[in-house]
Amino acid sequence: MTTKTSGPRVLLRQLRETMAEQLGSQDRLDKIVDLIAMNMGAEVCSFYVLRDDGALELFATHGLKPEAVHMTTLRLGEGLVGIIAVSAEPLALQDAPAHPAFAYKPETGEERFHGFLGVPVLKAGQTLGVLVVQSTTKRTYGDDETEAMLTTATILAEMLSTTEFDTLIKPGSDIDLRRPRTFEGNGFSEGIALGQVVLHDPRVVVRNFVADDTDAEKARLESSIERMRMSIDDMFSHGDMQVSSDHREILESYRMFANDRGWLRRMLEAVEGGLTAEAAVERVQNDTRARMLRQTDQYIRERLHDLDDLANRLLRVLTGDGDGFLHRDLPDDAIVVARNMGPAELLEYDRAKLRGIVLEEGATTAHVSIVARSLGVVCVGQADNIVSMSESGDEIIVDGAEGVVHLRPTPDVEQIYVEKVRLSAKRQEQYAALRDKPAVTRDGVRVSLLHNSGLVMDLHALEETGAEGVGLFRTELQFMIASKMPRLQEQVDLYREAMDRCGDRPIVFRLLDIGGDKVVPYLRSAPEENPAMGWRSLRLALDRPGLLRTQVRALLQAANGRPLKILVPMVTETQEFLSCKHVVLREVERLARSGFERPKSLEIGAMIEVPSLLFELEDLLPHCDFISIGSNDLVQFLTAADRANPRVASNYDPIAKPRLRAIRQIVRAADAHHVPLTMCGELAGHPVEALALLAVGMRRLSMGPSSIGQVKHMVLETDLGPVADAVNAALDGSEQVNIRSLLTDMVGKQSLPA
Ligand code: PEP
Ligand code: MG
């Protein structure tokens, strides 16, 4: 065991003793600054705390005038202390008063001191305060001293987080870190949820900061790093983390950081300074988080995120915490906060207790968002830095409609949301009362309302909404949430269960729509410049007929004599549809030969979501038993605006004249050929958009289960004739008419919900 009689380790030991002593909080802080000053051979040691109002208040000092304590304040960015707080970087100066930013505060008597070293006191990457030492001589504090001060600051940060200091901090000047925060993100799944934060990847709480035996701590750190490296290599070779390109990239950067000498050196230095291995990881992690919060370059910020994740992993190895988050007890109102997660991880949470999800990343069409919508779990994404700013148990409100998250909300914000939830519950009750009413407009137009689905577990909602059936079952979800290719029998089981659950209600199975944004981890393909327009969906299926045949076989076996509806996604040309149909029909024959019953009826339809098909409808429709418009992709391709890119996705109104004209053209062609037509893109689930669809003649709308109530309410209250006349006149004319405003005006006149 290494023993030293002076230096940072001695200081840490003294600090630990001070923390254990029976002292008032101010006395304890006073003693701490005395000890630091003495140990560092400095005439001054001061500790400033960042208050909620952005002021840095002098909380304790050794060497400055005592009357300045709790009197002297500096704004963020003001003076040297203010600069350190903002930059979260240490600052060492030979002659502080000579620095242009030096802010002279006469009450402190600071002008006599020249040598200066200040370090930020950080917690979860955020500045809690600033610790400063000063000397009368013009001296430069070196790297070792900076390191010792940073280590001491780690301990101070811990102390500040304890309730003991609540008595010192005046009402209204709470420490910055815990203040209410609002995050403007993007709504991925609508609804409002109030609850408490559950960190998906919980931070490990470090309790023991000061090492008894530095050599032993070094050995612990080194062996834990080795174990972590091995587990990363394991993940690569076993692919138990989804090895899609994104995940691979994260793993690559984990691997890079795990072998980064600078990172390891900084942690070892912190241990040398007297910290335990865990505390050393935390110290270095704090610096990373601080850099992360201040980083505007997206790429670098992501890499820093990875490093933060990795440090957390290392802490788990060190504390033996494992990552058994799935077995944790969830509170009844859990709102899971994560950097990102896959759909499978979401499904591991107890649905009965999960109210919402907040992600730092994600996209509307990401798998996790699709699953969240299927399950009716509120979800907001792109909430920057929320993980590092929240603690498990924090109160949180997620507003999926607005894409806003309120962390630690003030009572008045909470009150507003409690009221919103009450109103929405009332509305849901009204919608529930419509369950058994057929969806018929006031002027007698009958509309079919159907569900979009993709998980067997969300099919029970059919009972609750009274929908007529499932207009779109996204079979790829089973593939997206699995870690390996589902076998034939697994597919049969899922399809059979889905059909069983639907009973007499129709269900439309869409063939695998993978590739593009729908990443299937085990189906690796070469990276593509433009995956949405790449090797995906039907293109992939036709190139890999084995995959397609297995799925068709599974559907036929699951139906085993029952009616079967198959929908072909991403058809670009009639010929592709015919090729796919050919595979299906061949499988029917094959099935009959092997003793299975043929489906009672077999309908094969095409999705209309690639614009080129609009100019080929006359050729295509005679071959289709039904068709379905995928507005998500159709609008994306018509407007050349990536549906997954929030910067552009909402730039073009999907019911503006050109898009609505395209939809009307499909309706007219389908009517002329007597081919049933459904809309199964997101458009159908919003009342105003759904009204636009009815106006151009659509009569079958498929949507997320949670939208059925509001759309049915709209249908029941609408006098469709005049709306259809107005919309069609606008589409026929050449004037600039805003269809959305036209509809909302008419909706207002007919007193419908907008
Ligand atoms: C669509 O494109 O509108 C659609 C329904 O399919 P998905 O969202 O699954 O691509
Ligand atoms: Mg689509």
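## What "buried" means here

A residue is called buried when its relative accessible area is under 20%, exposed when that area is over 50%, and partly exposed in between, using a 1.4 Å probe and protein chains only. Threonine 574 is buried, since its relative accessible area is 6%.

This is a predicted model, in which local features need pLDDT of at least 70 and side-chain atom pairs count only at pLDDT 80 or more, while totals for chains, interfaces and linings use all residues. Residues are numbered from 1 along each chain as its sequence is written, chains are lettered from A and ligands numbered from 1 in the order in which they are written, and side-chain values use heavy atoms, with hydrogens and water left out.

## The whole chain

Let's start with the big picture. The protein chain has 754 residues, and 55% of them count as buried. Its C-alpha trace spans about 95 × 60 × 40 Å along the principal axes. The secondary structure comes to 27 helices and 22 strands; these are DSSP runs (helices are H or I, at least four residues; strands are E, at least two), numbered from the N terminus.

A contact here means heavy atoms within 4.5 Å. Take the contacts in the chain with a separation of 6 or more: 67% of them are between residues 24 or more positions apart.

## Two nonpolar cores

A nonpolar core is a set of buried Ala, Val, Leu, Ile, Met, Phe, Trp, Tyr and Cys residues joined through side-chain atoms within 4.5 Å. The largest one has 117 residues, and the members that touch the most others are Ile627, Ile663, Met698 and Leu701. Helix H18 (residues 545–559) gives this core its largest share, eight residues. Both domain 2 and domain 4 supply at least three residues each.

There's also a second, separate core of 60 residues, with Val33, Met40, Leu150 and Leu264 among them. Back to isoleucine 663: leaving aside residues up to four places away in sequence, it touches Ile629, Met679, Leu683, Leu693, Val696 and Met698.

## Two helices crossing

Helix H4 (residues 143–160) and helix H8 (residues 277–293) pack at an angle of about 100 degrees, with their axes 10 Å apart. Axes are lines fitted to C-alpha atoms, for helices over the stretch in contact, and angles run from 0 to 180 degrees between N-to-C directions. H4 and H8 are therefore roughly perpendicular, the word for angles of 65 to 115 degrees (under 35 is roughly parallel, over 145 roughly antiparallel, and the rest oblique).

On the H4 side, Glu147, Leu150, Thr151, Thr154 and Glu158 make the contact; on the H8 side, Ala279, Glu282 and Arg283 do.

## Along helix H19

Not counting residues up to four places away in sequence, threonine 574 touches Leu613, Glu616, Asp619, Leu620 and His623.

Serine 579 also has its place in helix H19, but it is partly exposed, with a relative accessible area of 26%. Serine 579 and alanine 662 are 83 residues apart in sequence, and their C-alpha atoms are 26 Å apart in space.

## Around strand S22

Methionine 703 sits in strand S22 and counts as buried at 1% relative accessibility. Apart from residues up to four places away in sequence, methionine 703 touches Leu449, Leu450, His451, Asn452, Ala684, Gly685, Ile708 and Val711.

Serine 707 is in the loop between strand S22 (700–703) and helix H25 (708–717). Serine 707 counts as buried, at 13% relative accessibility, and its side chain reaches the backbone oxygen of glycine 685 at 3.3 Å.

## Positive phi values

Most residues other than glycine have a negative phi. Which way does phi of glutamine 382 go, positive or negative? It is positive, near 55 degrees. Glutamine 382 lies in the loop between strand S12 (378–381) and helix H12 (386–389) and is partly exposed, with a relative accessible area of 25%.

Serine 537 has a positive phi as well, near 50 degrees. Serine 537 lies in helix H17 (residues 537–543) and counts as buried, at 1% relative accessibility.

Methods
Domains from an automatic or database assignment. Polar contact = N/O pair within 3.5 Å; in protein donor to acceptor, adjacent residues only side chain to side chain.
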